[in-house]
Amino acid sequence: MDIIFTSILPKLPAKSLNRFKCFAKSFLAEISSPEFIKLQHKYALSSDANSLLAFLSYNETDKKASIYTYNLDSLEHHPTLVYSSLESMSIVASLEDLLLIECGAAGNGTLSLILLKPSTRDYRKLPKLRHVDTENDFCVKYGMCHFIDDESGDEDFKVIRFDCHANQA
């Protein structure tokens, strides 16, 4: 069974792997493990396949913002809905296969951040941040970074927030 998890499944696209999570609890546990995710991520980045174009669309009629992906490797020529919200949205950062999305407005306290993996449609709302007064020439910007822990070798991603006065930037 180990050969399935080390040599076969990691080579599959993330979207296909989601189907295997329903097959058995052991598959769910293995495919969700950090070690397997790193292995699958390594294969995905080393191949030319699985190229996705992510874009943001706003429907004026129903006031809904949506993020779609378009598979550049597929013969299917239609976009796939990945995430939608009734709040305003903007893509503020991207890193490898992750998007950082800002939803809502800081001025009225509804601002939230979402970390989205378009290939699997997995997303996580990040904890609310303390309110920052964006008036009086104050600006807030977000970014992401990838790092490897020197001691453990673990890889991780971090969201970074930059607070600054516009006249000091």
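Figure 1. Phe55 is partly exposed, as its relative accessible area is 30%; here buried denotes under 20% relative accessible area, exposed over 50%, and partly exposed the range in between (1.4 Å probe, protein chains only). The model is predicted: local features require pLDDT of at least 70 and side-chain atom pairs count only at pLDDT 80 or more, whereas totals for chains, interfaces and linings use all residues. Residues are numbered from 1 along each chain as its sequence is written, and side-chain values use heavy atoms, with hydrogens and water left out. The structure holds two aromatic pairs. In one of them, the ring centres of Phe55 and Tyr68 lie 5.8 Å apart with the planes at 20°, so this pair is stacked. Rings of Phe, Tyr and Trp (its six-membered ring) pair if their centres lie within 6.5 Å; planes under 30 degrees apart count as stacked, over 60 as edge-to-face and the rest as tilted. Because Phe55 belongs to strand 1 (residues 52-59) and Tyr68 to strand 2 (residues 64-71), the pair ties together parts 13 residues apart in sequence. Strands are DSSP runs of E with at least two residues, and helices are runs of H or I with at least four, numbered from the N terminus. Tyr68 is partly exposed at 24% relative accessibility.

**Figure 2. The aromatic pair of Tyr83 and Tyr123.** Tyr83 and Tyr123 form an edge-to-face pair, with 4.8 Å from centre to centre and 70° between the planes. This pair links distant parts of the chain, 40 residues apart: Tyr83 is in strand 3 (residues 80-85) and Tyr123 in strand 7. Tyr83 is buried at a relative accessible area of 11%, while Tyr123 is partly exposed at 45%.

Figure 3. Strand 6 (residues 112-117) and strand 7 are joined in the antiparallel sense by four bridges. Lys117 stands opposite Asp122 of strand 7.

**Figure 4. Surroundings of Ser112.** Ser112 is located in strand 6 and is buried, with a relative accessible area of 10%. Leaving aside residues up to four places away in sequence, Ser112 touches Glu87, Ile101, Glu102, Cys103 and Lys128, where contact means heavy atoms within 4.5 Å.

Note on methods
Pairing = 2+ DSSP bridges.
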